[in-house]
Structures are given as C-alpha cells and as structure tokens.
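Points are grouped by topic.

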Amino acid sequence: MSWIEISMVSSALAFILLIGFAVRFLIAAKRTIVHLDDAIIEIKQHVIATAEQSEQLLKQTGQLTEEVHRQVLALEPTIQSIEKAGASIGDVASVIRKGAHLMNESIHGAEKVVHTHQKRIQDVMEWTTTGYELWQRWQAHRNAKSDH
C-alpha cells in the first residue's frame, strides 16, 4: 500500500470516527434538549400553579380588605358616640370643677365671716347659756313655790 492509499484509508477512518462522534454528540444533545423540554414543561406547570395561587391570594386579600373596610364603617358610629360621651364627661367634669370652686369660695367666705364675728358669736353663746340657766332656775323656783 502506498502513502496515498494509507492516507485515504486514514482519512476515511477519521471521517467515520468524526461522523460517529458527531452522531453521538447529536444524540446527547437531543437527550439534553428532551430533558430541557421536560424541565421547561414542569417549570411552566409550576408557574401556572403559582399564578393561580397568587390570584386566589389576591382575591382573598381583596375580600379581607373589603370586610375590614365594612367593619371600620360599622365602628364609625360607635367611635363618634364615644367621642360625644367623652365630650359630655368633659362638660360634666367642668361643671363639677366650677361647683367645687364655688363651694370652696363659699366655705372660705363663711370661715372669714366666722373669724371676723368670732367675738360676737362667743358673746351670743354666753348670753344664750346664761339665759337658759336663768330660765331653768326660774322654772325650779316656780315649781318649788307651787309645791308649798
């Protein structure tokens, strides 16, 4: 065999090997593409499921928000009533405070009058006591006269 024939046989073997490796590479690439396709389908299914769950969650959140809004609206009259009650209690406290102030002023005024007229009051008390003692003596003397 000559060099040309050996080269041709070598080239043919190299080409067959190249074709074999190319076929093997294409088969592996096809398997990889099939696996990728399966993975993409699975991911797509997960994305769809997640989207459905998200949609349900958004609907539930919307319903919950509406319910909270309704409850806040229902509580609004109660809150207004509480505010009015608080204002009324404040008014009552103000009236009581004014009454206590007036009573305090009256007591101080009475204390001043008593302090100012203390001597006169003592004199009146002494005269009343003396008058009562005189009246008792006169009654005792009258009773003693009528017994004789």
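Ala87 is located in helix α1. In this predicted model, Ala87 has a relative accessible area of 43% and is therefore partly exposed, since that class lies between the 20% and 50% limits. From Ala87 to Pro77, a sequence separation of 10 residues, the C-alpha distance is 15 Å.

**Overall form**

- Two helices and zero strands make up the secondary structure of the protein. With a radius of gyration of 58 Å, well over the 15 Å given by the globule rule for 148 residues, the protein is more spread out than a compact globule.
- Taken along the principal axes, the box filled by the C-alpha atoms has dimensions of roughly 190 × 35 × 35 Å.
- Helix α1 covers residues 3–116, and helix α2 covers residues 118–147.
- Phe25 is a further member of helix α1. Between the C-alpha atoms of Phe25 and Ser106 there is a distance of 113 Å, with 81 residues separating the two along the chain.

**Exposure and surface**

- What share of the 148 residues of the protein counts as buried? The share is 0%.
- The protein presents an accessible surface of about 13,900 Å², and carbon and sulfur atoms account for 67% of this area.
- Phe25 has a relative accessible area of 59%, which means that Phe25 is exposed, the threshold being over 50%.
- Phe15, Leu18, Ile19, Val23 and Ile27 together form a nonpolar surface patch of about 460 Å².
- Within this patch, Leu18 belongs to helix α1. Leu18 counts as exposed because its relative accessibility is 53%.

- The side chains of the protein include 15 positive and 17 negative ones. A distance of 10 Å separates the centres of these two sets.
- Salt bridges in the structure number four, and the groups below describe three of them, namely Arg70 with Glu66, Glu67 with Arg70, and Asp123 with Lys119.

- Which residues are linked in a network of salt bridges? The network consists of Glu66, Glu67 and Arg70.
- Arg70 and Glu66 are four residues apart in helix α1, so about one helical turn separates them.
- Another link joins Glu67 to Arg70, with an N to O distance of 2.5 Å. Both residues of this pair, Glu67 and Arg70, are in helix α1, where a spacing of three residues corresponds to about one turn.

- Asp123 and Lys119 are joined by a salt bridge in which the closest N and O atoms lie 3.3 Å apart.
- The two partners, Asp123 and Lys119, are four residues apart in helix α2, and their separation is therefore about one helical turn.

Conventions: Residues are numbered from 1 along each chain as its sequence is written. This is a predicted model: local features need pLDDT of at least 70, side-chain atom pairs count only at pLDDT 80 or more; totals for chains, interfaces and linings use all residues. Side-chain values use heavy atoms; hydrogens and water are left out. The radius of gyration is taken over C-alpha atoms; the globule rule is 2.2 Å times the number of residues to the power 0.38. Buried means under 20% relative accessible area, exposed over 50%, partly exposed in between (1.4 Å probe, protein chains only). Accessible areas come from the Shrake-Rupley method with a 1.4 Å probe; for residues, only the protein chains shown count as cover. Lys and Arg count as positive and Asp and Glu as negative; His and the chain ends are not counted. The place of a charge is taken as NZ of Lys, CZ of Arg, CG of Asp or CD of Glu. Patches are made of residues with over 30% relative accessible area and no salt bridge: like charges are joined within 9 Å, nonpolar side chains (Val, Leu, Ile, Met, Phe, Trp, Tyr) within 5 Å. A salt bridge is a side-chain nitrogen of Lys or Arg within 4 Å of a carboxyl oxygen of Asp or Glu.
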